[in-house]
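Have the viewer open and follow along.

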Amino acid sequence: RKDLIIILIRIMYSQPKPFYSDASHADPLSPTSLVMEELRALCDWKECATECVYKAPVIECLLSPIIALLKGKRVSLPSPETTLTHIADVLARIASTERGLSLFLYEGNFMITEGESISAAHMIVQFTKKLLGNQLPALYESGLLFSLKGAFIFVCRQMYNTCEGLQVLKPYGLHTCIADAWKKTSSQSERVPTPVPGATSSAATQDLQNNTVWEETLLDNLLHFAATPQGLLLLQQTGAINDCVTYMFSRFTKKLQVSCCEKFGYGVMVTQVAATAPGVVALQSSGFIQATVLELWSVLECGRDDVRMIHPRSTPMDPIDRSCQKTFLALVNLLSSYHAVYELLGKQGIPNKPEYPLREMPTSIIDILDRIIIINSDAKIHSLFNFEQSHTFGLRTCCCSFDYGFVIYCLENH
């Protein structure tokens, strides 16, 4: 079975199809398209992947062009960029599984220099660093290789967003390489002239579009270092955490998917980022916390405008109404560390206003505390349309927060 997979991979090496961005140009019956469709299906089917794909000879066949390039040799491929992009696609699918990740990190020894053998993970990250540094002369003829670089960073991402993978990749300083590439691309984007509406498309406009896409790709991959505590520390060291969190917030508000391989959403990274003081500051400056508070208040007190109220809503029997559960979890995750509580509440007093207009909406965590948790005046009670539900929500948030500093803060100010 593995021999058949190797034959399919060699067919892809000999007859790659052009890598068109426009799907209308793709030929679904070309040899490469058929091979890639079969490889993707095998990788997605766990039992078949274990029997056919997760084998040392198959991995060696996939890595053979990479080994040749790392040795400084030219690869005999009709379209190196296209073929290597396809290889990266398959490698990312393998690395996204537990068995495949273990195979990359700990199994299979491949020879690059005489007397030195390394695992697939070391080889992939070395190749990715050389790609980012434009240190592969055999590929210079293909241009800037943005799509190829992004594809191999994505393979590394499937490894460094786990603790064991980051431990293996950390000595290579990949986070620094990606951050340097992002800073360089960002500075280039600022120098490209802004396109004028109605003007004809030019090379400068195309460069601006390419740089913008590449800049977002680098930010997205930098952001995924935040999937682990140690990775978050490395992200902070790059100085790009504010930009990464702003990018995450923009995708989070659009409800965009993380990627086809990740098993978690942006909510997981919000929790990780909020565990450190710089992360909380970045979340606050990006507008994420204010948006969460406004969404919470809209659900608790404003209700849905598109629902016609014929009968009054029945009193909810659940401790937390179902419409509020998502916001409740977001708030609890945000306040799950001492650093978050201190940055958001430290050295701040409860407003305790004598009057609260009905149209006034809270915009911060301290406002939420004041309005629905520490209710110590008639003015606060009269300012709530759904007093019981909102107060219950606030008390639940206080009790379910994993950081006792939040509870103590509430008790001290009651």
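## Aromatic pairs and their surroundings

Phe-249 counts as buried because its relative accessibility is 17%, where buried means under 20% relative accessible area, exposed over 50% and partly exposed in between, with a 1.4 Å probe and protein chains only. Phe-288 is buried as well, with a relative accessible area of 5%.

Before going further, a word on the ground rules. This is a predicted model, in which local features need pLDDT of at least 70 and side-chain atom pairs count only at pLDDT 80 or more, while totals for chains, interfaces and linings use all residues. Residues are numbered from 1 along each chain as its sequence is written, and side-chain values use heavy atoms, with hydrogens and water left out.

Back to the rings. Rings of Phe, Tyr and Trp (its six-membered ring) pair if their centres lie within 6.5 Å; planes under 30 degrees apart count as stacked, over 60 as edge-to-face and the rest as tilted. By this rule there are six aromatic pairs. One of them joins Phe-127 and Phe-152 edge-to-face, at 4.8 Å centre to centre and 65° between the planes. Phe-127 sits in helix H7 (residues 120-132) and Phe-152 in helix H8 (residues 146-160), so this pair ties together parts 25 residues apart in sequence. Both Phe-127 and Phe-152 are buried. Phe-249 and Phe-288 also form an edge-to-face pair, with 6.1 Å centre to centre and 85° between the planes. That pair links distant parts of the chain, with Phe-249 in helix H13 (residues 241-253) and Phe-288 in helix H16 (residues 288-302), 39 residues apart.

## The whole chain

How many helices and strands does the protein chain have? There are 22 helices and two strands; helices (H or I, at least four residues) and strands (E, at least two) are DSSP runs, numbered from the N terminus. Of the 414 residues in the chain, 48% are buried. The accessible surface, from the Shrake-Rupley method with a 1.4 Å probe and, for residues, only the protein chains shown as cover, comes to about 21,200 Å², and 55% of that belongs to carbon and sulfur atoms. Taking contacts (heavy atoms within 4.5 Å) between residues at least 6 apart in sequence, 69% join residues at least 24 apart.

The table lists C-alpha separations for some residue pairs.

| Pair | Apart in sequence | C-alpha to C-alpha |
|---|---|---|
| Thr-82 and Leu-145 | 63 residues | 10.0 Å |
| Ser-337 and Thr-271 | 66 residues | 9.0 Å |
| Ile-67 and Phe-127 | 60 residues | 8.6 Å |

Thr-82 belongs to helix H5 (residues 80-95) and counts as buried because its relative accessibility is 6%. Its side chain makes a polar contact with the side chain of Ser-79 at 2.8 Å. A polar contact here is a pair of N or O atoms within 3.5 Å; within protein, one must be able to donate a hydrogen and the other to accept it, and residues adjacent in sequence count only if both atoms are side-chain atoms.

Ser-337 is in the loop between H17 and H18 and is buried, with a relative accessible area of 11%. Ile-67, in helix H4, counts as buried at 12% relative accessibility.

## Helix packing

Two packed helices are described by the angle between their axes and the distance between the axes. Helix H17 (residues 325-334) and helix H21 (residues 387-400) pack at about 35°, with axes 9 Å apart. Axes are lines fitted to C-alpha atoms, for helices over the stretch in contact, and angles run from 0 to 180 degrees between N-to-C directions. H17 contributes Phe-328, Leu-331 and Val-332 to the contact, and H21 contributes Phe-393, Arg-396, Thr-397 and Cys-400.

Helix H6 (residues 98-106) has Gly-100, Leu-101, Leu-103, Phe-104 and Leu-105 as its buried residues. They pack against helix H4 (56-70), H5, H7, H8 and helix H9 (163-169).

## Two loop residues with positive phi

Most residues other than glycine have a negative phi. Asn-134 has a positive phi of about 55°, and its place is in the loop between H7 and H8. Asn-352 has a phi near 50° and lies in the loop between helix H18 (338-345) and helix H19 (365-373). Asn-134 counts as partly exposed at 38% relative accessibility, and Asn-352 counts as partly exposed at 38%.
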